[in-house]
Amino acid sequence: MSARSRRLLWLVVVVVWAVPFVPLLIWPFAGSWLYPAPLPTIWGDRAWSYLASPGARVGQALFNSLSLALVVAFAAVALGLPAGRALALGRFRGRGLAHMVFLLPAIVPPQAAAFGLHATFLRAGLVDHWLGVALAHLVPVLPYVVITLVGVFANYDASFEQQARTLGAGPWLRFRAVTLPLILPGLLVAGLYAFLISWSQVLVTLLIGGGTVTTLPMLLLAFVASGDHALAAALSLVLLIPAFVVLGAAIRLSRTAGTPAGGGRIA
Amino acid sequence: MRLPPWLGLLPALLTIAALFGGGLLLALAQSLGYWPALGRAVLSLDAYRAVLAEPSFWPSLTFTTWLAAVSTLASLIVGLFAALALNDSVLGQGVTRYLAQLNLPVPHAVGAVMVLLLFTQSGWFARLGTSLGWIDRPADFPILTHDPLGAGILIEYVWKSTVFVAVSVWAALQSIDPDYQLAARTLGASPWRRFSAVTLPLLRPALIGAATLVFAYTFGGFEVPLLLGQRYPSALAVLAYRDYVAVDLDRRPEALALSLLIAVVTGVVAAGGWWLQRRLAEEGGPRR
């Protein structure tokens, strides 16, 4: 390919990928933007002052989204850490099968499982409850965490632990002083992807949260239904900015952790 | 005492078994009419019969399959060629690489909002078109959201999935030995032949993996068809959700049957993709 056509291709890629963000960045600052004006006729902060008002319940939704994503990420990494290690380093029969079992919930949409759990969660008082939503988020999150951690442990040299053992270190000291520092970047990458997956959940939250556990995506659905473009765009930015910060951190960390950027994530 | 090497699997495996496996089993039981809470415990295939008899089922199945097939195919082709074109140039390094991943963390619900703001008949493109004198009024702009073909849904899916495919292809390209290309070139292979006989076969496992994930996601997708689709026919996930939250509780077994259908189709596609990857790995492996 010639240098010129390459530059053209680059331009096409940038335009196609960046243009959809443009109206999303303009709408939140539009006071009045009637068809066919290409830009708002009056600029203003109507959308933001509404989002900041108590009636919009953005604070509660932000708190729910953040706390769910953080706790689910932490729990998934804690649960997935020994599994990632066993799958990457262990030699035992049925390892391929175990791999499949972890891959399956990453592929099969979580909704059938969520529908199935609904009645049981209802009896247990977990429906319309933060904890129930957190448990349900683990279904789509945990497989990705395990897959990422298998990658982390694939580049891990367990002989360092052996040396620490020879020097008399107990299991906890070996984990804290040897294993953890070596895998920490990888753990953080796995946790950041877990955060993003929980952060984007819609159907599972809607079903188990039942409209009581309001997260940012729940509010977004309501704003879109109301037809107010400025509100929908402003709330989209509230959802996007933390997501970009998290992805940026994950990309930076994955250089040191040796895991692929993007983490093989689609949802 | 030495601990068995599989012990570490247990925390995650039990969680998956309880929440995912348990959830699916409960869904199966309830789709067969086992609802003690509703005072019912007779197993029957009524829900499945009702789903098949529901007039909205077949159009929804066709529509969902169409969405999944088109988005998978389009994102595979565009993602593959974008990755190849950007990979063998300096532009593929550094900035572009990160810029291209810009939409990876965008939640699909936000992606759907972006499509709404751009592509409705009074969206940004229609406004720009009017300002430039290309169209006179909103009605002149093609209907691209809430349309029978699901154009808006396809735009969102392809926009996001293409990047996913490209990132997968990129990762696979890194592991291809450049000597293969050199050998083919030395033997006088044309650029097309080098691509079709050398690069493409080596990329097949990555492409199959990406295609499986894109198909499964788009087949079970909920929020994008909810926000950008017509009310009828709707995607299967939306239909299942409407049945589940319907005032009439008798519709719940149907909702479960529908969601299990989605699970089975995506599970079969996943198994097929896995089997294909294994077969390719066997025949593509080093020969003795």
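Analyst: Happy to! Let's start with Arg57(A), which sits in the loop between helix H3 (46–52) and H4 of chain A. Helices (H or I, at least four residues) and strands (E, at least two) are DSSP runs, numbered from the N terminus. The model is predicted: local features need pLDDT of at least 70 and side-chain atom pairs pLDDT 80 or more, while totals for chains, interfaces and linings use all residues. Residues are numbered from 1 along each chain as its sequence is written, with chains lettered from A and ligands numbered from 1 in the order in which they are written.

User: Why is Arg57(A) counted as partly exposed?

Analyst: Arg57(A) has 15 C-beta neighbours inside 10 Å. A residue is buried with 20 or more other C-beta atoms within 10 Å of its own, exposed with 12 or fewer, and partly exposed in between, with C-beta atoms placed from the backbone. The count for Arg57(A) therefore falls in the partly exposed class.

User: What makes the phi of Arg57(A) worth a note?

Analyst: Its value is positive, about 55°, although Arg57(A) is not a glycine. Most residues other than glycine have a negative phi. Asp128(A) is also a residue other than glycine with a positive phi, near 65°, and its place is the loop between helix H6 (111–123) and H7 of chain A. Asp128(A) has 15 other C-beta atoms within 10 Å, so it is partly exposed.

User: How do you know that the peptide bond from Tyr35(A) to Pro36(A) is cis?

Analyst: Omega is near 5° there. Pro36(A) belongs to the loop between strand S1 (30–32) and strand S2 (42–43) of chain A. In chain B, the bond from Tyr232(B) to Pro233(B) is cis, with omega near -10°; Pro233(B) is in the loop between helix H10 (223–228) and helix H11 (236–245).

User: How many helices and strands does each chain have?

Analyst: Chain A has twelve helices and two strands, running α-α-β-β-α-α-α-α-α-α-α-α-α-α from the N terminus. Chain B has twelve helices and zero strands. Buried residues make up 48% of the 267 residues in chain A and 44% of the 288 residues in chain B.

User: What makes H4 of chain A and H1 of chain B a packed pair?

Analyst: H4 (residues 58–89) of chain A and H1 (residues 10–31) of chain B have axes 6 Å apart, at an angle of about 120°. Axes are lines fitted to C-alpha atoms, for helices over the stretch in contact, and angles run from 0 to 180 degrees between N-to-C directions. Leu79(A), Gly80(A), Pro82(A) and Ala83(A) meet Pro11(B), Ala12(B), Leu13(B) and Thr15(B). Two residues are in contact if their C-beta atoms, placed from the backbone, lie within 7 Å.

User: How do the residues of that helix contact divide by class?

Analyst: There are six nonpolar, two polar and no charged residues. Ala, Val, Leu, Ile, Met, Phe, Trp, Tyr, Cys and Pro count as nonpolar, Asp, Glu, Lys and Arg as charged, and the others, Gly among them, as polar.

User: And how many residues does the whole contact take from each chain?

Analyst: It takes 71 residues from chain A and 74 residues from chain B. Helix H12 (residues 229–257) of chain A gives the most to the chain A side, with eleven residues. That side divides into 59 nonpolar, nine polar and three charged residues.

User: What makes something a nonpolar core, and how many residues has the largest one here?

Analyst: A nonpolar core is a set of buried Ala, Val, Leu, Ile, Met, Phe, Trp, Tyr and Cys residues joined through C-beta atoms within 7 Å. The largest has 165 residues, and Ala76(A), Ala194(A) and Val113(B) have the most contacts inside it. Helix H7 (residues 130–154) of chain A gives the most to this core, with 16 residues. Leaving aside residues up to four places away in sequence, Ala76(A) touches Leu138(A), Val141(A), Leu142(A), Val145(A) and Ala194(A).

User: Which domains does chain A have, and how many residues link them?

Analyst: The assignment gives domain 1 (1–44) and domain 2 (57–257), with bounds from an automatic or database domain assignment. Four residues of domain 1 are in contact with six residues of domain 2, and the domain 1 side has four nonpolar, no polar and no charged residues. The domain centres, taken over C-alpha atoms, are 33 Å apart.
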